[in-house]
Amino acid sequence: MTDETLREPERQDDGDGVTFIGFVLSLAATAALHFGDMPNPETGRPDEPNVQAAGHLIDILALLESKTRGNLTAEERSLLDQVLYELRLRYVDARKDPPRIIQP
């Protein structure tokens with residue numbers, strides 16, 4: 001392997017390409033839609049929560065974190081860690097039993 005191979009690829013800043021941060025934020029926003037925390041762009045109202053679909057997106061982000069370990073910038077790593085942390089907390093909260101009308 002040459003030094004040329006090991007060098008980080010040049011980044012495009014033309015605003016037209018997909019960035020890692022943009023991709024992570026897109027997945028996080030989709031998870032928020034599935035949790036019912038954001039309005040559906042088509043209806044303007046939140047959809048019924050789909051915790052299973054939100055959990056699937058968390059799994060995708062965790063896979064992405066695992067497969068990119070050691071290859072991210074500090075900013076990318078920090079964002080991914082924070083997004084995963086917050087989505088996992090939200091998932092645990094969403095999986096809790098709904099409050100009972102009559103408490104034992």
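**Close-up views of a helical model**

**View 1. Contact of H3 with H4.** In this predicted model, Val51, Gly55, Ile58, Leu61, Ala62, Leu64, Glu65 and Thr68 of H3 meet Arg77, Leu80, Asp81, Val83, Leu84, Leu87, Arg88, Tyr91, Ala94 and Arg95 of H4 (contact: heavy atoms within 4.5 Å). These residues comprise 11 nonpolar, 2 polar and 5 charged (nonpolar: Ala, Val, Leu, Ile, Met, Phe, Trp, Tyr, Cys and Pro; charged: Asp, Glu, Lys and Arg; polar: the others, Gly among them).

**View 2. Axes of H3 and H4.** The axes of H3 (residues 51-68) and H4 (residues 74-95) come within 10 Å and cross at roughly 155 degrees. H3 is therefore roughly antiparallel to H4 (angle over 145 degrees, on a scale from 0 to 180 between N-to-C directions). The crossing of H3 past H4 is left-handed (near helix turned anticlockwise from the far one by less than a right angle).

**View 3. Contact of H2 with H3.** Helix H2 (residues 20-35) and H3 have axes that come within 7 Å and cross at roughly 160 degrees. H2 and H3 are therefore roughly antiparallel. On the H2 side, the contact residues include Phe20, Phe23, Val24 and Leu27; on the H3 side, they include Leu57, Ile58, Leu61 and Leu64. The contact of H2 with H3 divides into 14 nonpolar, 3 polar and no charged residues.

**View 4. Confidence.** The protein averages a pLDDT of 85 (the predictor's confidence in each residue, from 0 to 100).

**Notes.** Residues are numbered from 1 along each chain as its sequence is written. Local features need pLDDT of at least 70, side-chain atom pairs count only at pLDDT 80 or more, totals for chains, interfaces and linings use all residues, and side-chain values use heavy atoms, leaving out hydrogens and water.

Methods
Helix = DSSP H or I, 4+ residues; strand = E, 2+ residues; numbered from the N terminus. Parallel < 35°, antiparallel > 145°, perpendicular 65-115°, else oblique.
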